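Morning, everyone. One structure today, a short tour. Here it is.

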Amino acid sequence: MSSEFKDAVKEVRKEKIPVRRMISNNWFMVKYAAKYDRRLIVSVVGLFCMLQVMKAVYDTILLKVVIDLLQGPKGLKPLLLVLLVSFVIVVSIEWINQLLEQWSKAKLVRLGGKIQRELMEKNGRMDLVCYDSPEYYDMYISVASKADEMLEKAVNCIKVLIGSLLALIVAAGVIVTIHPLVALFPVCGFLVNLVTRFKITRLEFEYDLINKKYMRKADYSKRVFYQPEYAKELKLTTVKEPLRKQFDEALDQCEEAAKYYGVRITWVSLLNWIMVYTVLSFFCVPAFLGYLALVIKSIVLGDVASTNNAANIVRQRLNETNFALVDFQIIGQYADRFRKLLNYETNIEGHTGTVNIPEERLELVLDDISFAYPGTKKNTLEHVSLTIHPGEKIAIVGENGAGKTTFVKLLMRLYDVTDGAIRYGDHDIRSYTTDEYRDLFGAVFQDYQIYGATVAENVLMGKFKDADEERVVHALTLADFGKRLATLPEGIHTVLTKEFEEKGVNLSGGEAQKVAIARMFAKEKKNAIAILDEPSSALDPVSEYKLNQNLIKNAEDATVIFISHRLSTTRMADRIYLFSEGKIKEQGTHEELMALNGEYAEMFERQGKNYIL
């Protein structure tokens with residue numbers, strides 16, 4: 001066993017849940033399902049229980065009645081009548097059971113969809129810091145992939161436990177009236193089954209968690225090979241080799257886990273089969289009933305048939321109860337993660353402030369801020385102080401990794417500073433409602449996304465209405481996308497990407513970036529602060545120059561913050577801050593920094609041949 005696998009096993013075994021918590025988790029899932037469709041839950045459980053009682057009565061009493069009629073003097077007519085009525089009853093029970101199963105399955109699909117929608121919405125409201133955590137991804141994937149199944153299991157678990165209990169009462173009543181000792185064998189089988197199935201379930205749960213962790217790595221490596229954005233680099237480089245190696249290593253780890261848990265599950269399953277399904281069920285009960293009927297002659301043939309059927313019902317219902325209790329354990333384990341995800345309290349998203357955002361535009365002050373990403377000791381930004389005045393145009397420049405994008409995320413309160421404070425006006429930004437504070441900003445990020453929707457929906461980042469057409473076209477024109485728009489088959493209603501539409505259009509990197517930039521121009525509410533994080537990295541110098549001119553012109557009196565490692569925008573800025581290793585190394589106007597003849601001047605001279613001055 002590899003050391004990495006040993007650590008993984010130790011980690012999942014920490015997730016032991018007390019019985020009380022397990023019961024609470026199951027009850028939580030049932031209440032959660034009932035929140036969306038109480039009538040469905042009551043109908044499924046109620047009808048299933050009624051059918052179980054009817055089947056138990058039929059199975060225990062019918063055979064005894066038939067044998068008694070055969071032994072009696074009443075003739076063939078009463079027997080045929082009983083058989084005919086029994087046939088109608090059993091067909092009706094099975095027909096209702098099939099209808100119930102198909103109806104509930106269809107309803108539970110809809111119910112599962114509602115759960116998944118809530119999980120998606122919950123995930124969308126999580127703090128950005130969660131996305132930096134592999135543990136969060138593992139938890140979300142395990143919850144999202146099992147939510148529908150766990151919901152269905154919770155409902156089925158309740159109906160089986162109640163239905164089996166009622167059927168057991170009927171069967172036990174028959175057994176007790178004939179010979180109570182017969183019940184001992186299925187009860188012993190139930191206890192053995194309970195212990196062994198719980199052990200098997202725990203092993204399967206551990207295996208599932210470990211396997212999912214390894215398969216996430218394998219799925220990533222596999223996914224890269226069929227996603228179009230990776231195709232060119234895969235063909236032109238040898239990056240496929242480390243990806244294949246990563247895929248093979250993940251499969252090796254999955255195989256190791258399968259062998260480790262497979263052997264243990266096999267042995268426990270074999271013990272379960274020998275004791276429960278062979279010895280206690282098929283040998284002991286018939287042998288004991290034969291002894292009672294043939295040796296000591298304390299029961300008649302009809303009693304043997306009826307008691308044997310009743311014993312089988314007890315065995316079957318106890319077995320169903322066992323599996324329901326196993327599901328009870330599974331639900332308790334997964335639902336614990338489900339509850340943790342639903343109960344996660346955000347620190348930033350959805351935060352309600354104590355101060356209203358003022359109508360007038362105010363200064364944005366960074367007061368000696370530092371920031372370190374969770375799980376890291378080194379600060380990404382360290383002791384940064386600056387003041388951004390209303391309407392000021394500033395540029396944040398520096399090489400990749402200097403901390404520029406982190407600076408933007410802190411400004412927009414996607415993260416909270418580790419030390420220091422950011423103030424808008426006289427108040428710390430943490431005293432404002434998060435959504436209201438972010439409404440001050442309009443932003444275009446370097447890692448923008450194009451969605452499988454129409455051009456208009458990609459610009460508006462929402463639903464298109466006919467009244468929006470002029471606004472969308474104007475925004476695309478300002479983003480220098482006008483010529484390309486004229487070539488699109490359905491104009492702003494053209495679907496982007498070919499993932500779902502054969503007639504969809506794939507844009508080049510520069511074209512896609514222009515669509516993303518158009519989002520800034522399309523906003524109905526003018527921004528107090530516009531943030532442009534590498535907004536033109538995929539554009540040629542001419543397009544970049546036109547775009548920057550349009551941005552400055554249309555920003556009007558808004559504060560504009562350019563983030564770039566390319567310096568073509570800096571001459572338009574009122575003030576420039578050069579970041580290096582998470583600190584402000586130089587600041588001033590373009591002329592002041594060029595006169596300083598420092599790192600900024602060196603960068604500008606090195607890149608200057610590409611600029612339109």
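Before going on, the ground rules. This is a predicted model, where local features need pLDDT of at least 70, side-chain atom pairs count only at pLDDT 80 or more, and totals for chains, interfaces and linings use all residues. Numbering runs from 1 along each chain as its sequence is written, and side-chain values use heavy atoms, with hydrogens and water left out.

Helices (H or I, at least four residues) and strands (E, at least two) are DSSP runs, numbered from the N terminus. Strands pair if DSSP finds at least two bridges between them. Strand 4 (residues 419-424) and strand 5 pair over two bridges, in the antiparallel sense.

Next, two residues in helices. Thr196 sits in helix 5 (residues 184-224). Buried or exposed? Thr196 counts as buried because its relative accessibility is 6%; the cut-offs are under 20% for buried, over 50% for exposed, partly exposed in between, with a 1.4 Å probe and protein chains only. Leaving aside residues up to four places away in sequence, Thr196 touches Val268, Leu271 and Asn272, contact being heavy atoms within 4.5 Å.

Lys114 belongs to helix 3 (residues 76-124). At 27% relative accessibility, Lys114 is partly exposed. Its C-alpha lies 9.4 Å from that of Asp148, 34 residues apart along the chain.
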